[in-house]
Amino acid sequence: MVPTPEECSLLHSLGYSAHRRRRPEMWRLKVSEGGGPWLRSVNNFLGRAVWEFDPDGGTPEERAEVERVRQEFTEQRFQKRESQDLLMRMQYAKQKHLLVDIPAIKLADSAEVTEETILISLRRALAQHSALQADDGHWAVDFSGIMFIMPILIFALHVTGSLNTVLSTEHRREICRYIYNHQNEDGGWGTQVLGPSTMFGSCLNYVTLRLLDQVDNDALTRGRAWIISRGSAAAIPQWGKIWLSVIGLYEWSGNNPIIPELWLVPQFLPIHPGRFWCFCRLVYMPMSYLYGKKFVGPITHTILAIREELYSISYHEIDWNKARDTCAKEDLRYPRSFLQNVVWSCLNKFVEPVLNCWPVNKLRDRALKNLMKHIHYEDESTKYIGICPINKALDMICCWSDDPNSDALKLHLPRIYDYLWLAEDGMKAQVYDGCQSWETPFIVQAYCSTDLVNEFGPTLQKAHEFIKSSQVIENHPDSEAYYRHRSKGSWTFSTADNGWSVSDCSGEALKALLLLSKISPDIVGDHIKEERLYDAIDCLLSFMNKDGTFSTYECKRTTSMIEVLNPSESFLNIVVDYPSVECTSSVLQALIMFRELYPGYRGEEIRKCIKNASNFIENGQRKDGSWFSTWGVCFTYATFFAVNGLIASGRTYENSSSISTACNFLLSKQLSTGGWGESYLSNETESYVHSTSPHAVNTAWAMLALIYAGQVERDPTPLYHAAKELINMQLETGEFPQQEHVGSFNCSFYFNYGNYRNLFPIWALGELRRRLLAKKN
């Protein structure tokens with residue numbers, strides 16, 4: 001089929017031309033598979049999801065459908081930025097012969113919501129969602145939305161000479177498709193899919209396209225024009241300066257020092273990196289190593305050419321001292337304070353020069369060897385996945401710098417695929433190696449809320465086995481020497497191979513297991529052994545801060561004043577692992593559920609924890625009745641967790657002003673259509689910002705908070721309106737629509753949780769129906 005002139009123009013704007021157009025390509029998602037000498041696993045790769053190119057896959061009709069959905073996304077990309085994860089759905093529909101035979105319901109304005117209409121909606125949603133379950137028991141989905149992760153993986157592959165080894169022609173083509181699809185109308189790229197263009201996103205994605213051999217097209221021309229017009233790459237923020245320095249596109253002298261010697265100070269000092277939040281610690285650890293070595297990757301002809309493209313003047317004429325403190329206004333979210341300027345001036349003018357003078361410079365070699373030891377430990381304890389793709393890419397470069405022929409590099413390479421995901425908008429890099437152990441327990445809780453477990457027993461049984469098999473069953477060796485928290489009994493965010501225990505993931509997994517323990521094993525499979533439950537409780541209590549609150553991966557280890565060392569202009573509060581309402585609520589609910597079933601195990605400690613944790617949640621409430629979220633969008637998300645935690649601890653609408661004011665807040669934000677819709681801008685402005693239309697997930701969060709707070713018993717009218725909104729949103733397939741991303745990372749990045757679109761509406765409708773039936777009876 002010959003492309004129309006309009007199609008040719010569109011493809012050309014994405015970096016393609018008509019003569020390069022190939023027949024549609026087919027890919028296959030492989031789950032819980034792995035092997036070969038350079039892949040290691042603690043539980044046979046459970047939860048691993050990798051896309052593999054299949055040159056012979058698909059019928060002509062299936063290939064044509066793939067091309068159609070790709071083209072449709074491209075044509076509508078400025079109106080709808082979020083992909084629908086259609087390629088995975090097409091594969092599962094074919095494999096499982098999916099057919100939803102329950103007719104869709106659309107309720108007119110005058111129609112009433114009844115228990116029967118909710119039940120029909122639930123059965124449609126559950127049937128479709130169950131069909132999307134992978135054979136290993138979890139639900140593999142697109143967990144992406146951050147635009148700088150793919151570039152740094154490409155940079156790592158480029159530096160280590162592995163680009164063509166790891167990425168096939170088909171991989172490269174799909175990566176380019178994704179980057180072109182998410183170029184903004186002004187020519188730049190954002191730090192994330194949502195939001196305006198930034199220097200960080202624009203420079204990294206432009207360079208990635210060039211490293212993937214893209215040249216001389218309109219998209220690159222517009223991208224370069226955006227970069228030059230905003231001050232050139234000299235104005236890229238700190239993380240960007242480091243990455244460009246590593247690949248030879250920026251000079252190390254234009255960076256503020258990240259001194260590796262800091263790791264040699266006594267550990268009891270609050271400035272020791274072992275006391276930092278693990279993400280900060282593990283990202284700046286390899287950055288310190290690379291800074292200490294002033295490492296620069298191979299200077300190829302392409303790198304030399306890009307040097308002249310990223311700057312408005314010749315590369316060798318740039319004033320790197322001036323560039324050091326330059327940041328584009330689009331990226332400058334958190335200008336440095338006076339005290340921070342003093343700290344960085346001292347480091348630049350005094351500390352770094354002294355550290356490079358004999359005999360003090362002997363410390364640098366010692367510091368670098370110490371850092372490399374810690375990098376190897378992190379790699380080995382995560383099976384070369386890393387805590388996240390950022391530190392993985394950096395660690396990979398460090399391993400190559402230390403020994404280009406090392407086994408460590410060979411072990412890193414196959415784990416690149418764990419971070420790649422394919423959808424109709426192209427191949428993207430995920431925020432993590434998935435969110436398997438986070439979303440699956442929520443899905444179990446959602447299914448249980450419907451009282452339809454007898455109809456979906458096989459689905460729950462597989463999910464049950466997945467959660468049980470994903471528990472971390474032992475501590476990492478020498479964990480204290482490498483500043484690692486206890487892990488035995490916990491769950492990670494993704495897979496057991498990732499190895500990093502998380503407090504709220506462990507709490508939600510325990511809640512799901514305790515719910516399933518109340519259901520016959522004939523339906524959901526064998527219950528988890530008590531000993532494993534005790535391990536989980538021991539681990540949860542070990543996460544507790546001194547004041548009874550809970551942070552993310554570890555306890556809070558240092559004072560907030562240490563944030564003065566935060567060198568980033570774009571990310572706030574990254575040095576300390578602060579407690580959050582969400583983490584505290586998840587653990588609080590799990591402890592309360594456990595105490596009801598096992599009152600004799602560590603009862604007094606759990607009692608004190610419940611008291612302190614619930615007080616923390618109450619004290620975090622704002623005057624308007626809301627809570628601010630760190631890990632989701634935003635006030636609806638945090639209020640959902642806060643209300644659930646307080647209700648579990650004994651608060652009610654009648655005896656707690658926190659609950660009543662929270663309900664009033666949520667009801668005040670309900671839209672005239674019946675739903676709720678909140679923008680990610682709420683996280684950035686720290687005040688509630690309505691989205692342009694109702695959002696299924698925000699609506700479900702608000703509904704659940706109101707339901708648990710007794711709204712059905714007081715006045716179910718707002719919930720009927722919300723339920724009608726959800727039911728009318730439901731697609732012909734039975735799913736709910738993919739809308740604006742609602743995931744947040746520390747209020748810095750926004751991304752997609754692919755299962756939220758279904759699990760939370762199912763949960764809300766299920767809980768509403770259950771409460772309505774209980775009220776009637």
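Contact here means heavy atoms within 4.5 Å. The legends below describe a predicted model, in which local features need pLDDT of at least 70, side-chain atom pairs count only at pLDDT 80 or more, and totals for chains, interfaces and linings use all residues. Residues are numbered from 1 along each chain as its sequence is written, and side-chain values use heavy atoms, with hydrogens and water left out.

View 1. Leaving aside neighbours within four places in sequence, Trp438 touches Phe493, Asp504, Cys505, Glu508, Tyr637, Phe641, Tyr753 and Tyr756. A nonpolar core is a set of buried Ala, Val, Leu, Ile, Met, Phe, Trp, Tyr and Cys residues joined through side-chain atoms within 4.5 Å; buried means under 20% relative accessible area (1.4 Å probe, protein chains only), exposed over 50%, and partly exposed in between. The largest such core has 242 residues, and Trp438, Met703, Tyr756 and Phe760 are those with the most contacts inside it.

**View 2. Phe148 and Phe200, a tilted aromatic pair.** Rings of Phe, Tyr and Trp (its six-membered ring) pair if their centres lie within 6.5 Å; planes under 30 degrees apart count as stacked, over 60 as edge-to-face and the rest as tilted. By this rule the count comes to 58 aromatic pairs. In the one shown, the ring centres of Phe148 and Phe200 are 4.9 Å apart and the planes meet at 40 degrees, so the pair is tilted. Phe148 lies in the loop between helix H4 (115-131) and helix H5 (149-159), while Phe200 belongs to helix H8 (residues 199-211), so the pair ties together parts that are 52 residues apart in sequence. Helices (H or I, at least four residues) are DSSP runs, numbered from the N terminus. Phe148 counts as buried at 1% relative accessibility, and Phe200 does at 2%.

**View 3. Phe594 and Tyr598, a stacked aromatic pair.** Their rings are 5.1 Å centre to centre, with 25 degrees between the planes. Both Phe594 and Tyr598 are buried.

**View 4. Charges over tyrosine rings.** A charge sits over a ring if NZ of Lys or CZ of Arg is within 6 Å of the ring centre and within 35 degrees of the ring normal. Lys294 places its charged end over the ring of Tyr291, 3.8 Å from the centre. Arg714 has its charged end over the ring of Tyr653, 3.6 Å from the centre.

View 5. With a disulfide taken as a pair of cysteine sulfur atoms within 2.5 Å, the structure holds 0 disulfides. Cys203 is buried, with a relative accessible area of 0%, and Cys747 is buried at 10%.

Conventions:
Helix = DSSP H or I, 4+ residues; strand = E, 2+ residues; numbered from the N terminus.
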